[in-house]
Amino acid sequence: MSYEVLAQKWRPRLFEDVVGQTHVIQTLKNQILSDRVGHAYLFWGPRGTGKTTVARILAKAVNCPNRRKETESQQGTTAEPCNECQFCVEIAQDRSFDVIEMDAASNRGIDPIRELRENVKLAPASNLYKIYIIDEAHMLTQEAFNALLKTLEEPPPHVIFILATTEHHKIPKTIISRCQDFDFRYMEMGQISDRLRSICTAEDISIDDEGLSSIAEQSEGCLRDAENLLERLIASVGDTLEAEKINQILGFGSSHLIHELVQAVLECKLSESLQSLANLAKQGVDLIQCLHQLITHFRQIRILAINKNLENLIEGSKSELNRMREQADQTTTERLSRIIKILTKTHSEIKRHGYAQIHLESAVIDMCSIQEGIQLAEIAGRLSEIEDKIAVHSASQNQTVPSPRDINPQSTADQSNRSDFERPPALLSLGEDSNLNPQSTYHHDTNDNSNAAHDYTMLGDSKQLENVWGQVLQSLRADNMALFSLLKATTLLPYQENNGPAPETVPILEIACNSALASESIISTDEKTLVVKLLRSFIGHPVQIQFVASGESSDMNSMETAKSTHKPGGLMFQAEVEQDAQLAPTLNLFDAKILKIEPK
Amino acid sequence: MRSPIIGHEQIIEQLLHAIESNRVAGAYLFAGPANVGKETVALYFAKSINCTALEQGPCNSCLSCRKIDNGNHPDMQIINPLGAWMKIDQIRELQKRIVYRPLEGNRKVYILNEVDCMNLEAANCLLKTLEEPPAASVLVLITSNLDALLPTIRSRCQIIDFHLLTIPELSEYLVRQFNLEEHKAFHIASLSRGAVGNALTRLREKEDISYEEIPEIIESSDRLAAFRIAEKFNRDPDALEQLVSWYRDLLLLHQGAPVDSLTHIFHAQRLQQLTSRYSRLKLQTAIKTVFETRELLKRNVNSTLALEVMVLKLLPRT
């Protein structure tokens, strides 16, 4: 008899031997005991978690005459097949007429399904049930699935279908709804090492706990992977497995070297880190494997750095935990997060480009050069400081220009340091209004107050102001959409010079808006600063702004402005309407009053 | 007899041990970089399984060994992808044949090359066979891209990882085997990045391998030279592969790493001088840029243009 690999040899033959999946096993057992076995099952889950195994046990259990006899006599105590009777043995050896295991990936077309439909009608040869195990069911074609639908919905009473797949999403909804859906889950590390330990005991192989846990870790929760790894280790090493040998064959860096590297990185000792990386490479370990180890290690330290009491999330021995706790004390969560980010990025780069060593070295250099404690918020704060300084600087540059009359618009734009703005159409002069409401005036910067040299008698042309305001709004649209939508209905009012204040103050521009916007602090100081900055970049010298409700403004030059900006029903507006030549007689005639005015 | 295979001692030991202790599994998956010797080891394994006078490796003289060497052993078959893909029909053909007993040898051996080229249907089709292969058969799957395989395939095989040889290991072998001068051997070894197959191809194709020089791109700062350099890279894609290692050396030197960790030890002094022209970030960006360009060249881009852009990016600004 030729050799059988461990995964096959130790394929469970009883429900109770199946590792994990208690939610599936318990349900199936109960169904068998209460004689409520369904007619179609769908088993799905990751590879190596027991789908085919459970399907085979189920096939044996429902058919095993010994089990049935026992159940009848003992009032239903066992759901396990006997594995001894003729039927169980036949099924185990895959020569039973009534348990048909179909490889759907090789027979994926409609023809095998048609054949199956023909055979389904026939009664089982010797057993109670005829069981079809359709493995890798996701590979059936659309036609094949559809051909199966009617049979699956109402199969003859003696038939049970078991579909097994790793890819649940490829199974049509119509199939899923006709089956009892059982999901198989990844197993826990502990369960896998327990299982491996019992196999090793039975096979007379000695292995230590550390070795078991590294196999379990490597298997990612899939028992068959773990068993195959064990198989390979036994084949290459022999009957005595030690953690060191295991790590070597699996390509793990010895935990000692990994620890050394981590320590050097945490202490930002670059040359030592590079040295220990070189040592790892010299040992011939798989650098990608090594990268995984590093990521896991840093993750564990990060967990400890967040909270010392989260030990239960970490797998590892006591001494290792203590070491990690020390390392967690040396650093911050922030830095660890960035280290992990660098490592994961390195992983994807190695996958794309190869050259693991070069990428890892680069990562080590990066990790060592991350300084402690520079928080993102701090960087942002520093940046905005610099921005402010630049703004002040450009403002003072503007002030040194001898005569604003002669300012070339191009140079103004350059000085304002905002190359992405269109250059202002012309230099504008600004008038001033005395009806200020001091509370809502915003002073941009005290430095800007020395603008005495500026001459604001230049054109207070409403056309040009409109133009400027339009451009400001356009720039806002890109920077701050919310502010743009608040301001888009407003107008920059022409500036009146004759009411001008003392010459050393900065001119105040009024922005006409509805009263809510003017009175409440909807627009924050920051946003006002932004508007002021933009205005200055287009006008060429510092200004202040003030929001005024449209009805209160003293400036009412044209009906057009009034229509577009003034709130209907404002006092001024009503007075005008009342004096309207056509409306007045009508009002008189009916002795009427104006209640509401709506713009056209 | 000692194995004629360079490196992979551990793997060979594992496989032979499995044969001796009668623990040969039904399905193996050899994974590792291209041209590193996977198929050679697979053939060696096939010979060892069927050799009639096995003693620490196949005898190479018995009928079975000679038949495998000549590729006419009835129980051994190598399956290569048909065109770009390995197709489901090839797998079905295999499944039909694998159920029969071996004609002459102990076990039937099927070697499937480049299994990452299997399309989805073929891969799934193979699953059941892989899980429970007929007793007297061994499937050896070979891939250089383990991640491209279905996890369900991986889980059913014993995965054997092949690694690149270290540069000194390979160059030592080259010196021993081909009587090369030491620095030449070292150069070839580092050019082939430790893959034996690459090194042998290089030896066969280019008899005269000149002494390596520092790439012009690192030394020059004349931006007009960029186009000439790009043209050179265009003619000799290997130089691009090689370029990364130079930047790596610079980076290491820049960070004060010991000299013996360098690839180009012979130029350590000159490189040390050159480091002053670069910053750490610049070197790291340079490495990234080379990789990205390499990636681009694999796609359908104008290679001259891509290389010119790369060189312009890499040249130190004066």
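**Aromatic pairs, a sheet and an interface**

Hi everyone. Let me start with the rings: a search of the whole structure turns up eight aromatic pairs over all chains. One of them is Phe43(A) with Phe184(A); their ring centres are 5.2 Å apart and the planes meet at 55°, so this pair counts as tilted. Before I go on, please keep in mind that this is a predicted model.

Now over to chain B for another pair. Tyr247(B) and Tyr278(B) are arranged edge-to-face, with 6.4 Å from centre to centre and 90° between the planes. Here, too, distant parts of the chain are linked: Tyr247(B) is in helix α12 (residues 237-254) of chain B, and Tyr278(B) is in the loop between α13 (268-274) and α14 (280-298) of chain B, 31 residues apart. Are these two tyrosines buried or exposed? Tyr247(B) has 0% relative accessibility, so it counts as buried. Tyr278(B) has 6% relative accessibility and therefore counts as buried as well.

Let's go back to chain A and look at its sheet. Five strands make up an open sheet in chain A, in the order β2-β3-β4-β1-β5, and the pairing is parallel. At the edges you find β2 (99-103) and β5 (180-183) of chain A, each of which pairs on one side only. From one strand to the next, the twist averages 15°.

How many bridges join strand β1 of chain A to β5(A)? There are four, between β1 (residues 40-44) and β5(A), and the two strands run parallel. To pick out one residue, Leu42(A) has Asp181(A) in β5(A) as its bridge partner.

Last stop: where the chains meet. On the chain B side, 53 residues are in contact with 54 residues of chain A. Between them the two chains bury about 4,600 Å², with 49% of that on carbon and sulfur atoms. The count of salt bridges between chain B and chain A is 11. One salt bridge to find on your screen is Arg11(A) with Glu131(B), where the closest N and O atoms are 2.8 Å apart.

Technical notes:
Residues numbered from 1 in each chain as written. Chains lettered and ligands numbered in written order. Predicted model: local features only at pLDDT ≥ 70, side-chain atom pairs only at ≥ 80, totals over all residues. Heavy atoms only, no water. Pairing = 2+ DSSP bridges. Axes fitted to C-alpha atoms, helices over the stretch in contact; angles between N-to-C directions. Phe/Tyr/Trp six-rings, centres within 6.5 Å; stacked < 30°, edge-to-face > 60°. Buried < 20%, exposed > 50% of the residue type's maximum accessible area, 1.4 Å probe, protein only. Contact = heavy atoms within 4.5 Å. Buried area = accessible area lost by both parts, 1.4 Å probe. Salt bridge = Lys/Arg side-chain N within 4 Å of Asp/Glu carboxyl O.
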